[in-house]
Amino acid sequence: MKNIASKILILSAFSFFTLTSCEELVDIKPIDELPIGDLTKDSINVQYVLNGAYNLNQGMFPIWRTAVMLGDDFDVTSIALKEQGDYQFFPEFRFGPFNGVSDAVWNDGYNTIGRTNIVIDAVEKKTFKASQNTYNRLKGEALFLRATQGFFITQIFALPYTSSPSAPGMVIRTKLLTADEAAVPVQRSTVAETYAQIEADLNEAINLLPESNGTGVNKWMAKAFLARVQFNKNDYANAYATANDVITNGGYTFAPVEGDSLTPSLPFSQSITTHPKNVGFIYDIINIAGSDKSGDFRGRFYNNQGFNANFTIHPDVPSALLGDTGTQFYKQLYGRRNNVRWTQKYKAFPRNIPVIRLVEMYYNRAEAGLQTGTITVNQAIDDLNFVRNANGLDSLVIENPTQAVVIEQIRNDRRGAMIGEPDRLFELKRLNATVRGVPTTDTKSLPKLPVAEINGNRFIQQN
Amino acid sequence: MNRTITRAVLLCLIFCFSVTALIAQTIKVSGEVVSGDDRQPIPGVAVRIKGGQTGTITDGNGRFTVSVEPGATLEFISLGYTPEEKLVEGTSFLKVTLKVEAKQLKEVVIGYGKQERRKMVGSVSTVNSKALENVPTASFEQNLQGRVAGVQLSTQGGVVGSASRIRIRGGGQIGGTGEPLFVIDGIILDQGANGTSDYSSRNGPGQATNYSALSYIDQSDIETMSILKDASATAIYGARGANGVVIITTKSGKVGKPRYNFNVSTGVNSATRKLDFLNGEEWFSLYQEARQNDGLPLLGPNDAMRINDGNQDAQIVLPVSQFANTNWVDQTLRNGIIRDANFNVSGGTEAQTYSINASAYQNEGILKGNSFDRYAVRANVLNKGKYVDISYNNSLTYVKNKIVPVSFNPGGFGSAQSNSLPIFPIYNPDGSFFGTQAAQSFNTGINPVAYADNDFRQDVTRSLNMVRATVNFLPYLKTSHSLQTDLTFLKERFYYSGTNRYSSSIGNNNAPAAEREKVTPLPGLDERTVYAQNILTTHQIDFNKTFKEKHTITATAGFEYNYVRQRDNGFFSQGNNFGGTRGQSGFLDPRQSISSGNIRWAPNADSLRFNGSAVGGYNSVVYRAFNSGFTRINYDYEGRYLLEVSGRMDGVSNFGPNKRIAPFGAVAAGWVMSDEKFWANVPLLNFSKIRVSYGGQGGPGYALNEWNGSYGNGGTYLGNPILQPTRIPNPDVSWSTVYQTDISWDYGFNKSRITGSVTWFNRDTRNLHITRSFQQSAYGYAAQLYINDPEASIVNRGLEFAISSINMDGKLRWTTDFNITYLTNEVKSIGALGPDAINAGPGDARILEGYPQGVWYLAEYAGVDAQTGNEMIYDLAGNKILATNDNVRNNRKAVGNPFPKFTGGFANNFTYKGFDAQILFSFSLGGQIYDDAAKRQIGGYSYIWNQRRTVLNRWQKPGDVTDVPRLTTNTSAGDWNNTTRWLYDADFLRLRTVQIGYTLPKNLTTRMKIEKLRVFITAHNLATFTNYPGWDPEVTRVVESDPQVSNVSNGSPYLSTPQVRTTTIGVQLSF
């Protein structure tokens, strides 16, 4: 018996020291989940992650809607506020952190950025095998998407670069974070730092992207966007050069208006999934059967009077901007009812919706060229007239044009051509204008950072 | 130690017996030894002749016979009792009463061993079987309330078998469960997401209730419960010890003849309270008033009313002429019958003792359709060998639990007090149920009477088993080796009757022509089986030796491996369980048997859309493993200076790979001042001990795979797949750590007739495990992150005071136990997290720095504007402003405290002749409750819910001064109106248990050839004194499957139920 007992004792002591130090007994691999480490081991998976970023970037209606309502094209007082939930805060800029409209801009924007960071991280670490061209393309597309979302977030949540470069900009996120890193509070960078990051991303994308790229973004889209960014900084020299490059070398033309049999010749009449260069669209929200991002956009954009994606043009928008009834500018309107004008440019046709288009490059080139003295007033007027003619408007004849007069005319034409588009907000901010009595240089004009951001960092600088 | 004494005594006795035979000229003396505590016979008492060497032991009835010389003195010795001497003076029958030894001397069960209370340095309270006897609770842990300092218990109300929420020394956990660890005969019960796993479905009709896994254990099996509170006592449970530990020891046999015990009782359950709701007429008149206020035309006698209940697309159309007056609360409540019978036989010899239990418990509860039946058997056997002792404890329980929906689950008591309007009749004029088929649309769950046609049940078989071999190498050295298993097999069957689940094809031209214009009953069936295994093996070495008669070292070291696995599988009828239009539901043909083979698509299903299988299925597995080494070393010098070091090294599979293994430990010291020589002159205070402990233990938080990153499908873009991360990996996910300091004074006055302790404690929970938000900008694609937040800390501080006294000890024996705990809970730090970051949702409870955890974040109610009748709040600057959704959200501040400042209990026990009485009060002071349903039941949902009668005080005309605003048919305020208006004091004093018994006189029972016959009456939850206007101040929200909700929002009950008041009568019979 004692023999047995001592054996048990020895066995117990041995087991004690071996088993308690044995980590394998508690190292149980999950058997019911896909390990995240496998996500970027394969180039096709990385493409699928990027698809998610595109999907969000293309689901742009929150940006569009917020930008339009923050601007002055939209008669925000005309809607029945009680019925419209978060829309009620726009007329008097009474924003709170719970505002669902601007909240979506922030959330979708960073959701896109988060996904692009996975792709960029995978390419940089070469977690998957692919050709250098594939690496370049994936990273270039991701950088483009990151930069565009950054630009929209900054335009909606930050003061203008032209007035307040050292004001709080976006929370710059350029890295794939671990959980512990994500929990560390990060403050907002300045507007200047934000713009620098956006430009750096776009410049790198331009170097990496191919000339054409199916449904994905290409070099010219990145250049056009860079021109927009530079122009909004009043960086006229670079804005002129980049816009001129896009116009001269990008190969984009306007669609032959009369040839489009599908629709009364509206500006937004693109119906082709890939990016043809003859319709004046540079980067657009794509519609294809069964995956209609633009249809989704229209369906969720502001509804009024029972029509999808219609809204009232503010009475202060001068009629002269839109020309007479035969022009393309005018045709952006649905019509007049009780002396009220409505847009129809987002009317429910299954069409692509342009995010950046050729007209903007012409206006940017004309104004930036004039501001820097790179071009003459007549060259600027030529740019204006080129757009006017393509849209069915007569050429402008200006007697003794001065720079100031022509710049004024460019800005008027710009508003008419792109009425109801986010470009108007960008212009108002660039020019430090006032909307509904509130200067765009005042933080009151800005939506609040959403509660989802504050939750992780209550010390973040709120608007 | 215990065993050594017993053996010494027995050896002595054997020797004595052999000598007795040789002595002549003696007289025979017989007698009975009873306990001074309860006047019950004590078996196994050593009866010795003083100065001699002869003696005997008492039998199972406490009886003895011994031969002595006249004039001899007999000594009566039994562990746990003060020895007694009796002079034999010609009497042939002696009645001896042994006093229970001062509590400090008793042995107490602690983690992996026992300790003499006198030498203990940890904070451990005990509750013995007396507290559980003949108390009609379904689950034993409910009897901790009011009995133990530092333990706060709240319930889910009247659902029989539902779980309680137990907090030992306050809260402190957020993402991990805050429930203590339960250990039954060495079996560490698994703590699932909610605490102690009950394995119930979290998305069925019982979703709003957590069932108590502890209710599967028969409370009559329990001998003692030890509640381990401080670091010193809990450190040996390492990563699972932070919330405190409750150790349950089941009954074991005692040496002696078989002792049979029958215990039978029966009684009735009723609700502790009924809130008053509007009757049909009142409801309609207020509804008309609301219409008038809103400028809507009043409904005439020929109009019909259209109700949209807001949650579903339910459209009930009821002509005013058919309005009824139904009291739905009465329709769902009842007086339920409770029956309890148990049988125990125990006894044994020196070589083997046994205790065998069998019991049947049937409890109907107060909610119609709800019942809980438990049938249990247990055998505990101990074989003592020369070197090796083998013990085996086996139990098998079967539970049949009929579930009813409550709270937010449609159709039950929650519906009865909300969307079941009093104007609704139970039946349509044609005799069918109102609000079901007649609605010709979705079932609404608004007719609780119709809902009773459903049948939701759980069948549970649970078996707890322990086999242990103890090898006694030397008197001071032994090892023990055990295997413990806890096996649960659970089957859930949810049968949705065709009364409540149906499909309408009216207006559906795609339906087969024969089915058009028909309402088709669609019974549904969901079944789920769970097999859960919890297997442990424990091996330990115990050393206990005194050196030079002064230095005693007691040491325990061991290792333990624990593997838990839960497998689920089930099938369900496809489609919405509430039925639906266009036949999109799988259904069970009512004419056929209830089996999955008979589930098919509804006859009116659109064949183009619904051509797959009508039966869905699933399976899942959850597993965790713990690998641990533990130790505890005690040193004492003459029992006066005490030192203890204890700890555990734990490896836990559910923690992240970087933090899987960690040490936990505690140190403690004690000084028994009263053993010092100088103490001899201290009057009255005969016992005084100071003890101090400090240490750290782990807080649980091990939902499966929290550490593991994963990814999945995220839809498509232009027809191409999207992949996205679904969980951010965090290899650092691990335990939270509770650092606890405990300073206690144990005292005994007047020869320990008054005993007790005073304790100050400080529990600092750091590195909190949280499911928390991070800045949206960090990822965007994942809303939440599992993290141990290094900046988060919650501190619970408090004072515990306990006193037990023997007030009278003559013919009338009167004892009192009183305890009170003062507690503060404060979130010391929460880093940069914003106020809504840990938004557990319900009741706007939050984690805010500088406030108690679960503090409410509400706008301050400013009453009703007497001119307009509008509800007002104070803005943050103190101005009265209109209560709108926006204003309420933007003017919130921290208010209230879900942790009562004082909790405690007051128990008195009396025995006089054959009578005995036990009276227990429990109380709570200084806490608040946010009545999350009141905002809808008092005006907020006046159009779609029934209302409490308080609403009759509403504002009606300018100048009215009232707290209830003007009525409106706009129900949106019922959703956003989170103000202090619904925050109430939750103070209460509750008469929890009253038991009165009468034991028949001995001479009578002896004639009946039985040992004891006692009759008793017990009342549970007899009376409650409170100003809380809701259902019950003790009923809180415990029901969520997410422990974070339970840890943060527990003070915000929603559509709760009252508690159960039970009165039983019974008989106890022993022979």
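1. Chain A has 463 residues, and 50% of them are buried. Buried here means 20 or more other C-beta atoms within 10 Å of the residue's own; 12 or fewer makes a residue exposed, in between partly exposed, with C-beta atoms placed from the backbone. The model is predicted: local features need pLDDT of at least 70, and side-chain atom pairs count only at pLDDT 80 or more, while totals for chains, interfaces and linings use all residues. Residues are numbered from 1 along each chain as its sequence is written, and chains are lettered from A and ligands numbered from 1 in the order in which they are written.

2. Chain A contains 16 helices and eight strands. These are DSSP runs, numbered from the N terminus: helices are H or I with at least four residues, strands E with at least two. Take the contacts in chain A between residues at least 6 apart in sequence: 69% join residues at least 24 apart. A contact means C-beta atoms, placed from the backbone, within 7 Å.

3. Look at helix 3 of chain A, residues 61–70. It is mostly covered, with 10 of its 10 residues buried. Among them are Phe61(A), Trp64(A), Arg65(A) and Met69(A).

4. Helix 3 of chain A packs on helix 4 (residues 100–125) of chain A at about 135 degrees, and the axes are 8 Å apart. Axes are lines fitted to C-alpha atoms, for helices over the stretch in contact, and angles run from 0 to 180 degrees between N-to-C directions.

5. By class, five are nonpolar, two polar and two charged. Nonpolar covers Ala, Val, Leu, Ile, Met, Phe, Trp, Tyr, Cys and Pro; charged covers Asp, Glu, Lys and Arg; the others, Gly among them, are polar.

6. Chain B has 11 helices and 57 strands. Of its 1071 residues, 53% count as buried.

7. Between the chains, 63 residues of chain B are in contact with 62 residues of chain A. Strand 35 (residues 615–637) of chain B gives the largest share of chain B's side, seven residues. That side divides into 31 nonpolar, 25 polar and seven charged residues.

Key:
Two residues are in contact if their C-beta atoms, placed from the backbone, lie within 7 Å.
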